[in-house]
Amino acid sequence: MATRIFTTLTLLLASVASVSAHPLAATSDHAAAEHKEARALPTTWYHEEDHPAASLFRRQNATVTTANGTQVVVGSDAWVKSYPAGNPDVTKMPQEWINALAKAEAAGLIPNISLSVEGVYPSGIDPGSTEVCSSTDQCRGDGDIWDAPAGMLGVSFDDGPTEFSPPLYAFLKAQNIKATHFFIGEQIVAFPQEAQTAYQNGDDLAVHTWTHRYMTSLSNSEAVAELGYTMQVISDVTGGRIPKFWRPPYGDSDNRIRAIAKHLFGLTQVDWNQDTNDWQLGENASVTPASIAADLKKWITGPKTPGLIILEHELSNGSVTAFMDAYPLMQSSGWDIRNIPNLFNDQWYSNSLNDNSTVVQLDIISAGVESINLSSTSTAAPAAQTSGSTSNSNASASGSNSNSNKTNAATQGAVLKSWMALFAPLAIIAAL
């Protein structure tokens with residue numbers, strides 16, 4: 001009897017044990033990290049612990065382990081040096097990412113679409129076709145977010161963090177506004193304290209790539225590096241949270257890029273339906289604070305169907321001020337103002353409901369599954385977004401659309417089976 005109990009407990013402990021390390025640390029034997037996958041597409045609702053991409057996002061502490069095994073503090077010089085300076089060298093990115101891409105390509109998950117030149121495709125290729133579906137050409141791909149639900153206004157900012165970010169963050173905090181920041185990876189390395197401030201203030205951090213290049217102009221490997229490094233650095237400054245949303249620079253994406261973002265990283269693409277062009281302040285004489293204010297007033301006081309997702313930036317004093325000046329009108333006009341995930345009552349991160357909820361020890365979402373219902377997988381996590389979402393929480397059912405976090409029966413069944421498998425040994429012990 002004692003032997004049986006000991007054996008069962010050993011199996012249980014082995015099933016939940018894991019050792020975390022920063023994914024940028026060198027590994028000597030990648031064969032051990034091979035993903036155990038079926039011949040067909042994955043059927044599990046989460047990546048297994050030995051999935052090549054799983055090691056990207058396991059670190060839960062404020063330190064990281066470099067390639068030589070040294071523990072360094074986030075924001076330190078050693079931490080900065082662990083990331084690419086400028087365009088990432090794809091030959092030096094983690095082997096796990098390379099393996100994951102190779103498998104996705106071999107499985108036919110990544111469409112073979114010709115590269116563009118800054119969003120312009122070679123002659124004979126229709127960017128608006130169902131095969132290409134270029135978002136630069138305003139083609140809306142499956143799963144893209146372009147519009148907010150009726151009556152709602154999604155607050156988001158691109159290209160941060162920058163030296164102009166602190167006044168914006170202070171304003172958002174003072175007004176209890178929850179925003180989504182689509183951060184550039186190398187900007188987080190340059191301004192780590194600002195990035196951590198945004199997170200600590202209760203904002204959602206999302207992906208805007210590493211160097212802000214036209215994504216459809218990049219090879220598959222280059223696209224992986226742009227997304228992967230940004231996801232990792234966001235994970236570093238948020239206590240291990242895995243970004244769930246991304247916005248393509250210049251709005252430049254197509255079905256090839258969407259597939260890489262979705263199948264390798266579980267990312268949902270977020271676009272916009274109004275553009276302030278505030279990034280052109282000081283560069284285009286026709287774009288002025290007055291012209292931006294006029295556009296914002298027109299949109300804010302206009303129809304509420306569909307809801308608004310306005311493209312704004314934290315690139316200059318002018319762009320930051322434009323939002324702060326327009327915010328009172330947003331309030332008085334009756335908009336329900338939220339960050340991007342709260343528009344759809346969705347979780348902010350792939351492994352955490354929001355900025356202060358439990359970080360579940362699961363990795364990126366498997367292909368074909370939009371999100372993990374965290375309230376079903378962790379009793380420690382709240383069933384709904386609470387203080388992390390404050391004035392933005394509790395989206396109504398009418399505010400949900402096809403992009404909402406709707407876990408279907410099959411996914412719920414997979415969750416139940418996963419947990420039944422985990423705790424089955426306890427039932428065996430009880431029966432002994």
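Tutor: Start with proline 161, which lies in the loop between β4 (156-158) and α4. Helices (H or I, at least four residues) and strands (E, at least two) are DSSP runs, numbered from the N terminus. This is a predicted model: local features need pLDDT of at least 70, side-chain atom pairs count only at pLDDT 80 or more, and totals for chains, interfaces and linings use all residues. Residues are numbered from 1 along each chain as its sequence is written, and side-chain values use heavy atoms, with hydrogens and water left out.

Student: Is the peptide bond from glycine 160 to proline 161 cis or trans?
Tutor: That bond is cis, with omega near -10°. Threonine 305 and proline 306 are also joined by a cis peptide bond, with omega about -5°.

Student: Where is proline 306 found?
Tutor: In the loop between α9 (289-300) and β10 (308-311).

Student: New topic. What about the phi of glutamine 138?
Tutor: Phi is positive there, about 65°, although glutamine 138 is not a glycine. The residue lies in the loop between α3 (95-106) and β3 (152-154).

Student: Is glutamine 138 buried or exposed?
Tutor: Its relative accessibility is 54%, so glutamine 138 counts as exposed. Buried means under 20% relative accessible area, exposed over 50%, partly exposed in between (1.4 Å probe, protein chains only).

Student: And threonine 209, buried or exposed?
Tutor: Buried, because its relative accessibility is 0%. Threonine 209 has a positive phi too, near 75°. Look for it in the loop between β6 (204-207) and α7 (220-237).

Student: Now rings. How many aromatic pairs does the structure hold?
Tutor: It holds 10. Rings of Phe, Tyr and Trp (its six-membered ring) pair if their centres lie within 6.5 Å; planes under 30 degrees apart count as stacked, over 60 as edge-to-face and the rest as tilted.

Student: Why is the pair of phenylalanine 171 and phenylalanine 323 called edge-to-face?
Tutor: Their planes are at 90°, so the pair is edge-to-face, with the ring centres 6.2 Å apart. The two residues are 152 apart in the chain: phenylalanine 171 is in helix α4 (residues 165-174), phenylalanine 323 in helix α10 (residues 317-332). Both are buried.

Student: Which rings are linked into a cluster?
Tutor: Ring pairs link Trp79, Tyr83, Trp97, Trp210 and Tyr229.

Student: Last one. What sits over the ring of tryptophan 335?
Tutor: The charged end of lysine 304, 4.9 Å from the ring centre. The rule: NZ of Lys or CZ of Arg is within 6 Å of the ring centre and within 35 degrees of the ring normal.
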